[in-house]
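Please read each answer beside the structure shown here.

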Amino acid sequence: MLLKEALALSSRLDSVSESASLDLALLLCHVLAKPQSYLYTWPERALDAQQERCFLQLLQRREAGEPVAHLTGSRGFWTLELEVNATTLIPRPDTECLVEKALALLTQDSARVLDLGTGSGAIALALASEQPGWQVVGVDRVAEAVALAGKNATRLGIANVELLLGDWLAPVRGQFDMIVSNPPYIDPHDPHLAQGDVRFEPLSALVAEDAGLADIRRIAEQSRDYLLPGGWLLFEHGYDQAQRVRQLLLELGYSAVDSGQDLAGNDRITWGAWMTENTRAE
């Protein structure tokens, strides 16, 4: 099979993907261990028998709905290439908006930052890579996720990250200049859970009770004891949850509460500052 013939098979993915051509190109690049430019520079090159067999197997699995990131074992996020697997959420471009806002709000060279529900380490590692003077702590309650984030940190050479196993703030000590989180926020009855890539991702990382707000509420309540005066709390949340999250933060005493948009223009992130002195012990 020639590369141009392989690329022409993207129509097989039209029913499962809005980016069928890109998905197929990523699978080919994975099989060939080549960049995308190679596919279009050498369209007359032929796959050998093993490469063709592997490519067709991956294509069939993608047709069945398996996410490209699970098939290739990696996903680009921010400026990083992260190893991913089925134990965590797949990092998504919209979450980069949370990273961008966090960097804009906290500009000092030295800071302590906490990432709750770190998964593959995407947010924590992106922040740590941009601000090597920060001490970033990532927490996840899934041991496999903590191990995966650790592998990513080691492979990328990012040393200013500490990874902890535990339920939200339970394993955390000390106070922070910023707490960020992309927690579960989908209503358990949301029909989108039966569609697309989320069918292959851990349900515990996706859904929360109270119409998707239970974990956001819990984090916002507890974070007041762990934020330094003036410290920021930032959430990613559902496209239709911004007003409720803003109201929740205001009710809990946060100031400067506001929301920002994702790449599609939906209100996807909300933040607030904790201005009150607290007495959490180191």
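Predicted model: local features only at pLDDT ≥ 70, side-chain atom pairs only at ≥ 80, totals over all residues.

**Burial, cores and strands**

Q: Why is Cys97 called buried?
A: Cys97 has a relative accessible area of 11%. Buried means under 20% relative accessible area, exposed over 50% and partly exposed in between, with a 1.4 Å probe and protein chains only. Cys97 is therefore classed as buried.

Q: How does the span of helix α2 (residues 20–32) stand against the expected value?
A: Helices (H or I, at least four residues) and strands (E, at least two) are DSSP runs, numbered from the N terminus. The expected span of a helix is 1.5 Å times one less than its number of residues. Helix α2 has 13 residues and reaches 18 Å from its first C-alpha to its last, close to the 18 Å expected.

Q: What covers the buried residues of α2?
A: The buried residues of α2 include Leu24, Leu28 and Cys29. Their cover includes α1 (3–7), α3 (36–41), α4 (49–63) and α5 (68–72).

Q: What makes a set of residues a nonpolar core?
A: A nonpolar core is a set of buried Ala, Val, Leu, Ile, Met, Phe, Trp, Tyr and Cys residues joined through side-chain atoms within 4.5 Å. The largest such core has 32 residues, and among those touching the most other members are Leu114, Ile179 and Phe235. Elements that give two or more residues to this core include β3 (111–116), β4 (134–140) and β6 (176–181). Apart from it lies another core, of 29 residues, among them Leu80 and Ala273.

Q: How do you know that β3 pairs with β4?
A: Two strands pair if DSSP finds at least two bridges between them. β3 and β4 are joined by 6 bridges and run parallel; Asp115 has Gly138 of β4 as its bridge partner. β3 also pairs with β6 in the parallel sense, over 4 bridges.

Q: What makes the unit of β3, helix α7 (residues 122–130) and β4 right-handed?
A: A crossover is right-handed if, with the strands pointing away from the viewer, the path from the first strand over the helix to the second runs clockwise. β3, α7 and β4 make a right-handed β-α-β unit.

Q: Why is Asn152 called buried, and which residues does Asn152 touch?
A: Asn152, in helix α8 (residues 143–156), has a relative accessible area of 0% and is therefore buried. Contact means heavy atoms within 4.5 Å. Not counting residues up to four places away in sequence, Asn152 touches Leu82, Glu83, Ser120 and Leu125.

Notes
Residues numbered from 1 in each chain as written. Heavy atoms only, no water.
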